[in-house]
Amino acid sequence: MKKKLVLFAIVLFALTTSFSFAQDGATTFKSKCAICHGPDGSGKTPMGEKLKILDLRSADVQKLSDAELTQIVAKGKDKMPAYDGKLTKEQIDQVIAHIRELAKKK
Ligand code: HEC
């Protein structure tokens with residue numbers, strides 16, 4: 001009986017942690033990136049203006065390949081923080097897909 005309870009607790013723990021990892025790109029962008037880049041990626045935030053962030057939807061950013069964008073997000077660039085170790089490779093892929101979506105919506 002006790003064993004079953006422990007097993008149940010482990011399964012529950014595994015489920016809830018994988019759920020929190022299963023955040024999609026939009027959620028990750030809003031929670032990690034929007035503070036500087038703005039919820040729409042425009043960079044029109046107090047932080048964005050101070051750091052002179054480019055509009056992520058602009059041609060200058062969109063012309064970068066997924067590999068280059070991944071590199072910037074993972075390793076950082078100048079004042080842009082590195083997300084290697086803070087986001088999984090999957091989350092970075094999703095967040096980049098979200099940046100592409102934002103550009104389409106503009
Ligand atoms: C502390 C503020 C800050 C946060 C948070 C932040 N960024 Fe940035 N980001 C910057 C700055 C500043 C630059 C411009 C770097 C440069 O070229 O000088 C930048 C540049 C970029 C670029 C490249 C565009 C260019 O200028 O060439 C991408 C792509 C990007 N950020 C994506 C993201 C993503 C995705 C997240 C969230 C996971 C994020 N950023 C979070 C500040 C931030």
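# Iron site, pocket and salt bridges

Asp 55 is buried, with a relative accessible area of 17% (buried is under 20%, exposed over 50%, partly exposed in between; 1.4 Å probe, protein chains only). This is a predicted model, in which local features need pLDDT of at least 70 and side-chain atom pairs need 80 or more, while totals for chains, interfaces and linings use all residues. Residues are numbered from 1 along each chain as its sequence is written, and side-chain values use heavy atoms, without hydrogens or water.

**Salt bridges around Asp 55**

- The model has eight salt bridges (a side-chain nitrogen of Lys or Arg within 4 Å of a carboxyl oxygen of Asp or Glu).
- Asp 55 forms a salt bridge with Arg 57, at 3.0 Å from N to O. Both of these residues are buried.
- Asp 55 also meets Lys 106 in a salt bridge, at 3.8 Å from N to O. This pair links distant parts of the chain, 51 residues apart: Asp 55 sits in the loop between helix 3 (46–51) and helix 4, and Lys 106 in the segment after helix 6. Helices are DSSP runs of H or I with at least four residues, numbered from the N terminus.
- Lys 106 is exposed, at 62% relative accessibility.

**Helix 5 to helix 6**

- Arg 100 and Asp 66 form a salt bridge, at 2.7 Å from N to O. Arg 100 is in helix 6 and Asp 66 in helix 5, so the pair ties together parts 34 residues apart in sequence.
- Asp 66 is partly exposed, with a relative accessible area of 43%.
- Elsewhere, shared partners join the salt bridges of Asp 40, Asp 55, Arg 57 and Lys 106 into one network.
- Asp 93 lies in helix 6. Asp 93 is partly exposed, at 36% relative accessible area.

**Iron site**

- His 37 (NE2) and Met 80 (SD) coordinate the iron atom of the ligand, at 1.9 to 2.0 Å (donors are N, O and S atoms within 2.8 Å of the metal, or 3.2 Å for Na, K and Ca).
- The site is octahedral, with angles of 87 to 179 degrees among six donor atoms (six donors with opposite ones over 155 degrees apart and all others between 65 and 115).
- His 37 belongs to helix 2 and Met 80 to the loop between helix 5 and helix 6, so the pair ties together parts 43 residues apart in sequence.
- His 37 is buried, at 11% relative accessible area. Met 80 counts as partly exposed, at 22%.

**Largest pocket**

- The largest pocket has a volume of about 630 Å³. A pocket is an open set of points on a 1 Å grid over the protein atoms alone, where a 1.4 Å probe fits, with protein on both sides within 12 Å along at least five of seven lines. The volume is the space filled by probe spheres set on the points.
- The lining has 26 residues, and the closest to the pocket centre are His 37, Ile 53, Ile 72, Lys 77 and Met 80 (lining residues have an atom within 4 Å of a point).
- Helix 2 (25–37), helix 4 (59–62), helix 5 (66–75) and helix 6 (89–105) each give two or more residues to the lining. Helix 2 gives the most, with six.
- The lining has 19 nonpolar, one polar and six charged residues (nonpolar: Ala, Val, Leu, Ile, Met, Phe, Trp, Tyr, Cys and Pro; charged: Asp, Glu, Lys and Arg; polar: the others, Gly among them).

Definitions and conventions:
Tetrahedral: all angles 85-135°; square planar, octahedral: opposite > 155°, others 65-115°.
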